[in-house]
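Here is a short report for a first look at this structure. Keep the sequence and the 3D view at hand while reading.

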Amino acid sequence: MQRRFATLDVFTARPFAGNPLAVVLDADGLDPSAMQQIAREFNLSETVFVLPPVKPGHRARLRIFTPARELPFAGHPTVGTAVLLSGRDGGAEARALVLEEEIGPVTCEVTPAVGGGHASFVLPVLPVEAGMPPEDDALADALGLVPGDIGFDGFVPSAWSAGVSFIFVPVKSRDAVRRARLMQTAALGDKAVYVFSSETVDPTHNLHARLLAPHLGVAEDPATGAAAAAFVGVAARFGGLADGNHSFTIEQGYEMGRPSLIRLQMTLLHGKPAAASIGGEAVTVMQGTIEA
């Protein structure tokens with residue numbers, strides 16, 4: 001059976017940058033094993049399968065797969081699919097839509113544009129701590145760094161999840177971000193590693209980051225919205241932020257030649273996250289059919 005698909009580059013306003021995403025439309029009738037095979041065939045960080053919504057009034061139900069496993073939630077698939085479906089709905093006006101993911105309903109705001117658009121989504125769940133990270137010496141060994149590279153401005157390693165778990169490793173410089181390599185994974189368990197610094201390529205940005213996730217079948221991810229979502233917990237705990245609204249621009253994927261920009265908005269109340277959203281651009285790159 002022929003099923004329509006499109007690919008988009010997400011968290012970028014231009015093709016061949018950002019994080020590539022495959023979206024399989026007409027996914028009815030595909031079982032999870034077939035979805036996993038198709039995701040492995042595309043071999044992108046994530047592939048989305050669009051299904052009819054369960055609840056009337058919602059736009060679609062999504063299943064999200066890396067080349068290795070299904071995820072309950074992910075950021076760049078949410079942004080890219082919201083932009084793609086909104087463009088297919090027609091019209092140039094901004095609109096809201098709800099996508100059903102395994103984690104629950106995700107509310108999106110979309111502004112269409114020719115060939116793409118901008119989308120943001122409200123975090124379906126706020127971040128929670130996800131266990132203890134390894135000690136600095138073990139993290140440094142695992143990442144090919146030295147203990148002196150780790151930590152800056154009150155930020156220390158921690159583990160958080162807003163649907164997907166990550167170990168967050170703050171490092172003192174962009175050079176340390178660049179040098180990070182997964183030399184061993186035993187100390188890291190089943191968590192992806194998000195290495196970040198406040199030293200950025202663009203001085204108007206807030207963070208420079210890389211995401212290493214070989215257990216997900218993704219050696220390195222160009223842009224990781226789920227990690228930005230979980231970073232809300234990191235920022236609230238270690239960022240020295242006052243109650244109120246805060247904005248972060250996160251640059252990622254530069255070392256891969258896939259520069260990406262993720263916009264994070266968060267609200268703190270009594271020192272804890274009260275609400276947050278993730279947003280960015282997306283552009284359609286390819287469209288076609290797949291035999292499945």
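## Terms and source

Helices (H or I, at least four residues) and strands (E, at least two) are DSSP runs, numbered from the N terminus. The model is predicted: local features need pLDDT of at least 70, side-chain atom pairs count only at pLDDT 80 or more, and totals for chains, interfaces and linings use all residues. Residues are numbered from 1 along each chain as its sequence is written, and side-chain values use heavy atoms, without hydrogens and water.

## A hairpin

Strands E13 (residues 207–213) and E14 (residues 218–221) run antiparallel, joined by 2 bridges. Two strands pair if DSSP finds at least two bridges between them. Ala213 has Val218 in E14 as its bridge partner. The two strands form a hairpin with 4 residues between them. In the turn, Gly217 has a positive phi of about 80°.

## Helix H3

Which residues of helix H3 (residues 136–143) are buried? They are Leu139, Ala140, Ala142 and Leu143; buried means under 20% relative accessible area with a 1.4 Å probe, protein chains only. These residues lie on the same side of H3, because they cover an arc of only 165° around the axis. The arc is that of the directions from the helix axis to the C-beta atoms.

Their cover includes strand E11 (165–170), helix H4 (174–179), strand E12 (192–197) and E13. Just after H3, Gly144 takes a positive phi of about 70°.

## Nonpolar cores

A nonpolar core is a set of buried Ala, Val, Leu, Ile, Met, Phe, Trp, Tyr and Cys residues joined through side-chain atoms within 4.5 Å. The largest has 65 residues. Phe166, Phe168, Phe196, Phe231 and Ile278 have the most contacts inside it. Helix H5 (residues 225–238) gives the most to this core, with 11 residues. Apart from it lies another core of 18 residues, including Leu139, Leu143 and Val169.

Notes
Buried means under 20% relative accessible area, exposed over 50%, partly exposed in between (1.4 Å probe, protein chains only). Contact means heavy atoms within 4.5 Å.
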